[in-house]
Amino acid sequence: MNPNRVLEIFKEISTVPRESGFEQPITEWLQKWAESHKLAVKTDEIGNVCIVREASKGKENVPTIVLQAHQDMVCEKNDGVDFDFRKDAIRYTVEDGWMIARDTTLGADDGIGIAAALAVLESDLPTGRIEAVFTISEETGMDGAEGMKEGFFTGKTLINLDSEDEGQLFIGCAGGVNTNVRISFQPEPVDKDLTVLQIRIGGGIGGHSGDDINKGRMNAVQQMARFLYAEFDYGLQLIDFDGGGKHNAIARECRAIIAVPRPLATKRRFNRFALDLKEEFHVTDPDIFCRCGETVTRLKAVDYFSALELLSSLFTCPHGVQAMSQDIEGLVQTSTNLAAAHRVKRHFEITTSQRSPAVSECRMIAAKVRANFEAVGAEVRYTNEYPGWNPNPDSHILKLCVDSYRKLFSREPEVKAIHAGLECGLFLQKFPGLDMISFGPTLRGVHAPGERMDLASLDKFVELLNDVVCNFE
């Protein structure tokens, strides 16, 4: 198996739609791939796929290894880009050693994990029995891992191929929960004496709400709420508020429609606010833009008190790092992400997510978010809670991977826990005693347009995976 073949398979995968919750095209593609390679394949009732390669001659007594990746990808695109994730192939380019999707997510999270597992399956590498397991809807709630039945795979050692920093071996991750909010309102006519404006904040870097939450990047939803909350002093009438996307992505863009009595004064204040944002985020988000112009709308306005409750609660909602690990220097312990806010008929839906390896801390910050919104009478519910994965420093697969990395690259790998969520915690609940590790190539900007993969790191990732599966015993 070589990196070029892994990249070829990934490019094929990039032509197959695989939005979370709509994985049928990639599920069927995997089934056909297995059949074309004359490998045993099974699919459970929710869409998880397991492809089996039997042991090479002389390796029949080697324990089974499970190679695991998820089928779905986060589907995010820049505002105004004409692209349909349910039918269009991902458009990418290669520049300066990086494979990049400029206007959408690339899907290397976790398409490259799928590609690596398939490349092992089709190779002539001398290995023991391998089960390649591909789960559904990891990005939206780990539904595949949650719904997987006992016996779907039999191996006792699992390599998760869903990490994003070459040279780092992960043996633990955060758990998490989503806190979803609904704020209802009464529609009312837009005051005919007011001028209707559309304002936009965009150009944020965004990123993964686990890996990137400590980077201090702009949250466009919270910054829009910050500006509009202050505008209530000047007779604002709120009509629409629409920002953010997936629960596990930092909000890059936000749009609002408002009616105001003095549009020129509002524009001047917004322009000053834009300068403040550019100064505050000049390092983390250098391409921020703020735009304001007159518009027309058929929407009715939001009643005054509901609008005030919406904007005040978005403005005060906890967002970002809440605590750092007391055991591992530099590791985020607990965080929360104000991900999105959208108008839906007569209510606003707000999406947030919380992460921590400690169940008590995760539930604590989720309760703080809940209290923030319940203070204005909102409906709040928790969804998609998943467990963390506690490190096992005595892991057999960890020792093998460390020895292999040292032998191949003449340096020590970093052994770490990650603040992002991985399916390993759920697998450990369902398959007690499972020995696990996670590693992958270097990815940057995941969960946001501009996602990219370092091709040099792909070479090393593939070399490590080859060595580990061939020397496992």
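Guide: Let us begin with the second largest pocket, which is lined by 22 residues, with D79, D242, G243, G244 and E253 nearest its centre. The elements that give two or more residues to this lining are β11 (195–202), β12 (237–244), β13 (254–260) and β17 (332–344). Please keep in mind that this is a predicted model: local features need pLDDT of at least 70, side-chain atom pairs count only at pLDDT 80 or more, and totals for chains, interfaces and linings use all residues. Residues are numbered from 1 along each chain as its sequence is written, and side-chain values use heavy atoms, leaving out hydrogens and water.

Visitor: What is a pocket, and what counts as lining?

Guide: Rolling a probe the size of a water molecule over the atoms shows where empty space is left. On a 1 Å grid over the protein atoms alone, a pocket is an open set of points where a 1.4 Å probe fits, with protein on both sides within 12 Å along at least five of seven lines; lining residues have an atom within 4 Å of a point. Strands are DSSP runs of E, at least two residues, and helices are runs of H or I, at least four, numbered from the N terminus.

Visitor: How much space lies in the second largest pocket, and how does its lining divide by class?

Guide: A volume is the space filled by probe spheres set on the points, which are joined across faces, edges and corners. Here that gives about 300 Å³. The lining has seven nonpolar, six polar and nine charged residues (nonpolar: Ala, Val, Leu, Ile, Met, Phe, Trp, Tyr, Cys and Pro; charged: Asp, Glu, Lys and Arg; polar: the others, Gly among them).

Visitor: Which residues lie nearest the centre of the largest pocket?

Guide: They are D165, D211, D212, N214 and K215, from a lining of 29 residues. About 560 Å³ of space lies in this pocket. Strand β20 gives the largest share of its lining, three residues.

Visitor: Is N372 buried or exposed?

Guide: Buried means under 20% relative accessible area, exposed over 50%, and partly exposed in between (1.4 Å probe, protein chains only). N372 is at 15%, so the residue counts as buried. N372 lies in helix α9 (residues 359–374).

Visitor: Which polar contact joins the side chain of N372 to another side chain?

Guide: A polar contact is a pair of N or O atoms within 3.5 Å; within protein, one must be able to donate a hydrogen and the other to accept it, and residues adjacent in sequence count only if both atoms are side-chain atoms. The partner is T316, at 2.7 Å. The N372 side chain also reaches the backbone oxygen of S313 at 2.9 Å.
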